[in-house]
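Come along and check each entry against the picture.

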Amino acid sequence: MNAHQQPTGSAYFIAPETAKVESHTLSVLVTNEPGVLARVIGLFSGRGYNIESLTVSETEHESHLSRITIVTNGTPLVLEQIKAQLERIVPVHRVVDLTVRAGQLGQERPIEREVALIKVAGAGESRAEALRLADAFQAKVVDATVGHFIFEITGKSSKIDQFVAVVKPLGLIEVCRTGIAAMNRGAQGM
């Protein structure tokens, strides 16, 4: 940063310029109550952190617990700050960096999957091509008319990105993605 620039409120500017930005998947166990998700998102937006993917769902109905999965990026210092600040939010029970845990287990990344619904035009010759591509990517037809298909595809985000890219020339109409759900391998829970 030169002498003319003022630092922003973002924590990204406190890290040394040589620190490498990494993508990490965090799993956050929270009490399922109104306002918790807003507080978590507020922490990210208020400090200038980026959220690449966000999913949340109740996972333990009797205990009223939800699991928030966040994919974010930053330098190691910024990622540690994010985890520390998440742990200070009162209804947060636990924060686990699944990317770090995977490394400790000798794996490159946690198991990460996403679901997408993809609507593609399907008339004439492009109809057969859309079905052929869906078969190659193991996408299921969940709705079909004479003019379109809706495919459901599950897998790594890169697989979904690739499927979207190959069906785009056929007449991509709409894409809806769930965001990443993630879990580490092994018998241990989060």
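**Entry 1: His64**

I found His64 in the loop between strand 2 (51-60) and strand 3; strands here (E, at least two residues) and helices (H or I, at least four residues) are DSSP runs, numbered from the N terminus. Before going on, I noted that this is a predicted model, where local features need pLDDT of at least 70, side-chain atom pairs count only at pLDDT 80 or more, and totals for chains, interfaces and linings use all residues. I also noted that residues are numbered from 1 along each chain as its sequence is written, and that side-chain values use heavy atoms, with hydrogens and water left out.

The cut-offs are under 20% for buried and over 50% for exposed, with partly exposed in between (1.4 Å probe, protein chains only).

Next I listed what His64 is in contact with (heavy atoms within 4.5 Å). Beyond its neighbours within four places in sequence, I got Val30, Thr31, Asn32 and Glu58. I also checked Glu33: it sits 31 residues from His64 in sequence, yet 7.9 Å away in space, C-alpha to C-alpha.

**Entry 2: the cores**

I then looked for a nonpolar core, a set of buried Ala, Val, Leu, Ile, Met, Phe, Trp, Tyr and Cys residues joined through side-chain atoms within 4.5 Å. The largest has 17 residues, and Val28, Val40, Phe44, Ile82 and Leu86 touch the most other members. Strand 1 (22-31), helix 1 (36-46), strand 3 (65-74), helix 2 (76-87) and strand 4 (92-97) each give at least two residues to this core. A second, separate core has 16 residues, among them Val120, Ala134, Ile153 and Phe163.

**Entry 3: the whole chain**

I counted 5 helices and 9 strands. From the N terminus on, I read the order as β-α-β-β-α-β-α-β-α-β-β-α-β-β. Of the 190 residues, 38% count as buried. The C-alpha atoms fill a box of roughly 60 × 55 × 35 Å, taken along the principal axes. Among contacts with a separation of 6 or more, 73% join residues 24 or more positions apart.
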